[in-house]
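Hi everyone, thanks for coming. Let me put the structure up, and then I'll talk you through a pocket and a sheet.

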Amino acid sequence: MVGRLVLVLGDQLSPDLSALREADKDRDIVVMAEVMDEARYVPHHPKKIALVLSAMRHFAEELRGDGWQVAYTKMDDAAATRSITGELMRRAEEHGTTDVLATRPGEWRLIEALENAPLKLTQLPDDRFICSLDEFDAWAEGRKELRMEYFYREMRRKTGLMMDEGNPAGGKWNFDHDNRKPAKTDLLRADPMAFTPDDITEEVLDLVETTFPSNFGALRPFWFAVTRPQARRALDHFAKHLLPGFGDYQDAMLQDDRFLHHSILSVYLNIGLLSPMEICRRVEKEWQEGRVPINAAEGYIRQVIGWREYMRGIYFREGPDYTSRNTLGHDRALPPLYWGAETKMNCLAQAVGQTRDEAYAHHIQRLMVTGNFALLAGIDPAEVHEWYLAVYADAYEWVEAPNVIGMSQFADGGIIASKPYVSSGNYIAKMSDYCGNCAYSVKQKTGEGACPFNLLYWDFLVRHREQFARNPRMGPVFRTWDKMDETRRDAVLKGAAQVLDDLDAGRTV
Ligand code: DLZ
Ligand code: SF4
């Protein structure tokens, strides 16, 4: 007798997934489906679609090898429907059961679709995280501010990572102070580990190429890991070769070195090929054995057990309307330069060009280049959110939306960020080598050739003065503005208006 249908989604590729743990290998049927709705609800980068589909196919093989019965739908199957619920209904009919066991998806859209389908659904918590949603709510309840730093300390205590008899190793919770160094071009730095596509991946690449010919992004060369053993090799490679410099250079940007010391492991972690604790234990071990400095290990672990878990907690706590928040009332359309149209701003050209090629950019490129510009220019945060969700291989809504809507665009009114992450061109000039190759001058504050970040920075602050003037961390910038010579202030605002006009008129900026 057939038991239940066990749903495994494209970002749930973990053998210890709660739905698989709960299921009965002898009676239940695993349902995995490549469907158009998931590939198209935002125009995903072709590399991301290929990653998910190839990893799904490899995972289905692994499950079969492990004795599971898997009903797998390929995107070009003639009988395939368009959606996850459509495929569940089709399998329900085929196997004569509407009982579905699922691990809760990472996106409200899909949770709601499953709950509204005529199925007998059992949803289990996704416990591949360190902090359960109940635990997060208990931590958040009654707090005036939900600061990541305090949440992170709880997670350090809970996991025992880098702890020394109840105290943080090295006497401090956070070594970020040491982590803000610009980087020099270093020919000896290793690249992230790249994998040659096997036959399964090649078949997926052909499928993606013909099915999504006009999506933004380069499909080839495709080098991502698509299995757990490969992802573990990527972790090993990172831990040995790149982690030691991760702390110092994690905020640096170099035109000819796209990955620097970044691990790119979020790509594998977020589809379930690696687990957060497996990564963090390895990082901790490298530090314990004296191969990496404390600021590198602590900085990395903070991203995984701090930021990542905190973002997920906020996403589910805030509810399905989170992605439509727009506290600052921004409504400008996302400029075509985000989809690769020409721009004279070298920092944006580099960040977007890298995104097009790799489906990856690191946190400072996302926050302080593309994010910073979108915020300064007053772009509709929903459009910004959809862009990030589409173009990054590690982007799923539970992690992307709080990062973009909250942290980067300040559209949630300050739940995540205590002040907007905005800066003039100075920050980019300090942390990168982009400005040396730019048509604009970062040193120039007004007039022809002035860096648009310099102009828009002040314009943004002036536009939103009422909102931010009372923020104690922003008082000094408003005082600087007020002390500025009036002719200069006029010139700044005129220059900014010109940039925004140009954007609106579709002229190259
Ligand atoms: C991102 C993605 C894509 C491109 N394709 C599929 C798919 O065909 N089948 C599937 O099960 N999952 C896919 N995914 C991942 C889902 O979009 C993801 O599970 C939800 O957005 C929840 O995070
Ligand atoms: Fe970017 Fe301004 Fe530097 Fe050009 S000058 S790269 S626009 S920060």
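**A pocket and a sheet**

So, the residues lining the second largest pocket split into 13 nonpolar, six polar and twelve charged. Here nonpolar means Ala, Val, Leu, Ile, Met, Phe, Trp, Tyr, Cys and Pro, charged means Asp, Glu, Lys and Arg, and the others, Gly among them, are polar. This is a predicted model, with local features needing pLDDT of at least 70 and side-chain atom pairs pLDDT 80 or more, while totals for chains, interfaces and linings use all residues. Residues are numbered from 1 along each chain as its sequence is written, chains are lettered from A and ligands numbered from 1 in the order written, and side-chain values use heavy atoms, without hydrogens and water.

Which residues lie nearest the centre of this pocket? They are Asp126, Asp127, Arg128, Phe129 and Arg312, out of 31 lining residues. A pocket, by the way, is an open set of points on a 1 Å grid over the protein atoms alone, where a 1.4 Å probe fits, with protein on both sides within 12 Å along at least five of seven lines; lining residues have an atom within 4 Å of a point. α12 gives the most to the lining, with three residues.

Now the sheet: five strands, open, in the order β3-β2-β1-β4-β5, with parallel pairing. β3 (69-73) and β5 (120-124) are at the edges with a single partner strand each, so one side of each has no neighbour in the sheet. Pairing takes at least two DSSP bridges; helices (H or I, at least four residues) and strands (E, at least two) are DSSP runs, numbered from the N terminus. β1 (residues 5-7) and β4 (residues 99-103) pair over three bridges, and Leu5 stands opposite Val100 in β4.
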